[in-house]
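Look over the structure shown here. The report that follows takes it element by element.

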Amino acid sequence: MSGSRSSADDPQNIDPDVRETAAGLATGDRSDTLLQTDGLIKQFGGFTATDEPGFAVEEGELRCLIGPNGAGKSTLLKLITGTHEPTAGSIYYDGDDITDLPPHERVKRGISMKFQVPSVYGDLTVRENAQLPIQRLVTGDDRNRRIEETIAAAGLEGYEDVPASDLSHGQQQQLEIGMAASLQPDLLLLDEPVAGLSVEERRGIADRVTALNEERGIAFVVIEHDTDFVAEIADAVTVLHRGDVFREGSISEIEADPEVRRIYLGEGGEE
Ligand SMILES: Nc1ncnc2c1ncn2[C@@H]1O[C@H](COP(=O)(O)OP(=O)(O)OP(=O)(O)O)[C@@H](O)[C@H]1O
């Protein structure tokens, strides 16, 4: 843990590898890195929730973010969306430093997030909910086409006129994922999308996420505790512990790692 916003903004303080990647992207020398953090710190009072994790996402990859309770997973996603302002450090997206951009500018750049708390309107139909994210952005025939795309992305064809309150919890989550995807992001962040869902509902969410990843090339970061679900969807897994990246690898490598088992089972949550 070190530094402040002003010292982290000094190009001399940026990790050389990160500077090279960001500079390469900015000059058109494209690598596959979509998002990269550098020296990122978030403190709440005296407590450090994010401690220079050096987190990266490649274009089109489906990455799951796991870790004990309080490891800093949600905080990291909120720093990426701009919901939280970092105490220090930088975030690069598609070659640009987006650290100081407000959340709506990040959405325009292609970062979209579905939060843990459901946000569909129960008294509106599936179609009416589906038009909400784009209603001020898209008009005419394009709007109808985008609404149909959103409903297809949610896997809710045939439910167009059903009030969202009549959908199952899993279908509501599907609708939210479709709505988050309707902004045509390159990166979609999901915070525990299958918490509290049945096995069948989890399968519905896994189908939506993998379809959007494979058919539209959307990169995902998915916070998830359920390793069966992670094994079903993830290309790669990052383990966060005490605000820092603890391990990265495939789910089978992560599950076999005794140190990962220790931080989950031994120490449990963060103090
Ligand atoms: N707004 C806040 N104010 C103060 N402390 C916070 C705030 N948000 C998060 N924290 C603290 O930061 C740490 C990381 O929280 P965070 O929610 O990012 O963890 P998490 O890994 O997502 O946990 P969980 O798996 O339980 O959702 C926790 O100790 C939490 O209490």
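Just after H3, glycine 82 takes a positive phi of about 90°. This is a predicted model, in which local features need pLDDT of at least 70, side-chain atom pairs count only at pLDDT 80 or more, and totals for chains, interfaces and linings use all residues. Residues are numbered from 1 along each chain as its sequence is written. Helices (H or I, at least four residues) and strands (E, at least two) are DSSP runs, numbered from the N terminus. H3 is mostly covered, with seven of its nine residues buried. A residue is buried if 20 or more other C-beta atoms lie within 10 Å of its own, exposed if 12 or fewer, and partly exposed in between; C-beta atoms are placed from the backbone. The buried residues of H3 are Lys73, Thr75, Leu76, Leu77, Lys78, Leu79 and Ile80.

H3 (residues 73-81) also gives the most to the shell around the ligand: three residues. Eleven residues surround the ligand, and the closest are Phe44, Ala49, Lys73, Ser74 and Thr75. The shell has three nonpolar, six polar and two charged residues. Ala, Val, Leu, Ile, Met, Phe, Trp, Tyr, Cys and Pro count as nonpolar, Asp, Glu, Lys and Arg as charged, and the others, Gly among them, as polar.

## Helix H7 and its cover

Twelve of the 13 residues of H7 are buried, so the helix is largely enclosed by the rest of the structure. Among them are Gly170, Leu175, Ile177 and Met179. The cover over the buried residues includes E7, E8 and helices H5 (126-131), H6 (140-154) and H8 (199-216). That cover is counted by contact: two residues touch if their C-beta atoms, placed from the backbone, lie within 7 Å.

H7 runs over residues 169-181 and, at 1.5 Å a residue, should span 18 Å. The expected span is 1.5 Å times one less than the number of residues. The end C-alpha atoms of H7 are 19 Å apart, which agrees.

## Strands E7 and E8

E7 (residues 111-114) pairs with E8 (residues 187-191) in the parallel sense, over four bridges. Pairing requires that DSSP find at least two bridges between two strands. Lysine 114 stands opposite leucine 190 in E8. In E7, Ile111 and Met113 point one way, Ser112 and Lys114 the other, and all are buried.

## The nonpolar core

The largest nonpolar core has 62 residues, of which Phe220 and Val222 touch the most other members. Such a core is a set of buried Ala, Val, Leu, Ile, Met, Phe, Trp, Tyr and Cys residues joined through C-beta atoms within 7 Å. Leaving aside neighbours within four places in sequence, valine 222 is in contact with Cys64, Leu65, Leu190, Pro193, Val209 and Ile233.

## Two loops with positive phi

Most residues other than glycine have a negative phi. Glutamate 52 has a positive phi of about 55°. Glutamate 52 lies in the loop between E2 (47-51) and E3 (56-58), and counts as buried with 21 C-beta neighbours inside 10 Å.

Aspartate 94 has a phi near 50°, also positive. Aspartate 94 sits in the loop between E5 (88-93) and E6 (96-97). With 18 other C-beta atoms within 10 Å, aspartate 94 is partly exposed.

## Overall

The protein has eleven helices and eleven strands. Buried residues make up 42% of its 271 residues.

Technical notes
Near = placed C-beta within 6 Å.
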